[in-house]
Amino acid sequence: MITRSGLRWTVVAAVVASVVLGGRPAFAEWFADLYAGSSFTQNSDLKLNDHGIGPGTFEDVAFDRSLAWGGRVGRFFDSVPFLGLGLDFFRYYPYIGPQSVQLRGCFYPGGCGSGRGGTGSFEVQTSALSVDLILRLPLLKTDDAPQGRVQPYLAVGPPVYMTTITPRHTRNFRNHDGDTDFSFGYKLAGGVAVQVFKNLALFGEYRFTHVSPEVELRDASDRKTTLRTDLDTHSALFGVSARW
């Protein structure tokens, strides 16, 4: 869960974004991106800690592929045209479908041990907001494309993630009783933008994101249970970028 220190960093990020993006300088290239694609989240353990029963783990749980989409706005500087800052919003849905996995720990009163069992299903929705540092390499410069008709780029940022996890059709948890976690994670991205018109580019991007959400759910006996997992996600994105 997000801490007081995390809240302070969120405020700092918001202030930096408002200062960086708030006023347009005389010498800068602005951009606005829209993108969509597909996300794949790596298998991960679901770690439970029932306040009445004890800890237990669903091992190596699989996540479904999901739609990913978002947008980004920012600017590159004429004084350092290879450097830019962007404010990025990103959302994806790593759904956990019903599956048989290895269980280890305690899941029912007097039922501690290990064996195979079902997870049920969980709806997961993750949103991320970050201020990114962007580095680009201007290639094939022309009069119509002074910053390069082809621009490979890298981006890195420390997003604030909002992750909502809601049980569906589970034996362990009350259905429709979800919780939302706010956590910091990280994001690494790389892609290529190709200018197709003077003020319009198309781009493809790969990004890796990581966050470890922790939520508090109610079990079937109305006790509190903490659920924690890692969302290590690979995304292939394609989009359109307006430049001015």
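Ser235 is buried, with 1% relative accessible area (buried means under 20% relative accessible area, exposed over 50%, partly exposed in between, with a 1.4 Å probe and protein chains only). The model is predicted, so local features need pLDDT of at least 70 and side-chain atom pairs count only at pLDDT 80 or more, while totals for chains, interfaces and linings use all residues. Residues are numbered from 1 along each chain as its sequence is written, and side-chain values use heavy atoms, with hydrogens and water left out. The protein has one helix and 16 strands (helices, H or I of at least four residues, and strands, E of at least two, are DSSP runs numbered from the N terminus).

**Overall figures**

- Of the 244 residues in the protein, 46% are buried.
- The protein exposes about 12000 Å², and carbon and sulfur atoms supply 62% of that area (accessible areas come from the Shrake-Rupley method with a 1.4 Å probe, and for residues only the protein chains shown count as cover).
- Taking contacts between residues at least 6 apart in sequence, 69% join residues at least 24 apart (contact means heavy atoms within 4.5 Å).

- Ser235 belongs to strand S16, residues 231-243.
- The side chain of Ser235 makes a polar contact of 2.6 Å with the side chain of Ser39 (a polar contact is a pair of N or O atoms within 3.5 Å; within protein, one must be able to donate a hydrogen and the other to accept it, and residues adjacent in sequence count only if both atoms are side-chain atoms).
- Not counting residues up to four places away in sequence, Ser235 touches Ser38, Ser39, Phe90, Glu205, Tyr206 and Arg207.
- Ser66 is in strand S4, residues 66-77, and is buried at 10% relative accessible area.
- A polar atom of the Ser66 side chain lies 3.2 Å from the backbone nitrogen of Tyr93.
- With neighbours within four places in sequence left aside, the contacts of Ser66 are Gly37, Ser38, Ser39, Tyr92, Tyr93 and Pro94.

**Phe31**

- Phe31 sits in strand S1, residues 28-41, and counts as buried at 2% relative accessibility.
- Phe31 and Ala242 are 211 residues apart along the chain, yet their C-alpha atoms are separated by 5.4 Å.
- Leaving aside neighbours within four places in sequence, Phe31 is in contact with residues including Arg72, Phe76, Leu85, Ile134, Ala242 and Trp244.

**Cavities**

- The structure holds two cavities of 30 Å³ or more (on a 1 Å grid over the protein atoms alone, a cavity is a set of points where a 1.4 Å probe fits but cannot get out, and a pocket is an open set with protein on both sides within 12 Å along at least five of seven lines; lining residues have an atom within 4 Å of a point).
- The largest cavity has a volume of about 100 Å³ (grid points are joined across faces, edges and corners, and a volume is the space filled by probe spheres set on the points).
- Among the residues lining the largest cavity are Phe31, Asp33, Arg72, Gln151, Tyr153, Phe203 and Arg243.
- Two or more residues of this lining come from each of S1, S4, strand S8 (121-136), strand S9 (150-157) and S16.
- The lining of the largest cavity has six nonpolar, two polar and four charged residues (Ala, Val, Leu, Ile, Met, Phe, Trp, Tyr, Cys and Pro count as nonpolar, Asp, Glu, Lys and Arg as charged, and the others, Gly among them, as polar).
- The second largest cavity holds about 40 Å³ of space, and its lining includes Leu46, Phe63, Phe122, Val124, Thr229 and Leu231.
- The lining of the second largest cavity has eight nonpolar residues, one polar residue and no charged residues.

**Second largest pocket**

- The second largest pocket contains about 220 Å³ of space.
- Its lining has 13 residues, with Glu29, Asp144, Pro146, Gln195 and Lys198 nearest the centre.
- By class, the lining of the second largest pocket divides into four nonpolar, five polar and four charged residues.

**Positive phi**

- Most residues other than glycine have a negative phi.
- Leu140 is not a glycine but has a positive phi of about 60°.
- Leu140 is in the loop between S8 and S9 and is exposed at 61% relative accessible area.
- His169 also has a positive phi, near 60°.
- His169 lies in the loop between strand S10 (160-168) and strand S11 (179-184), and is exposed at 67% relative accessible area.
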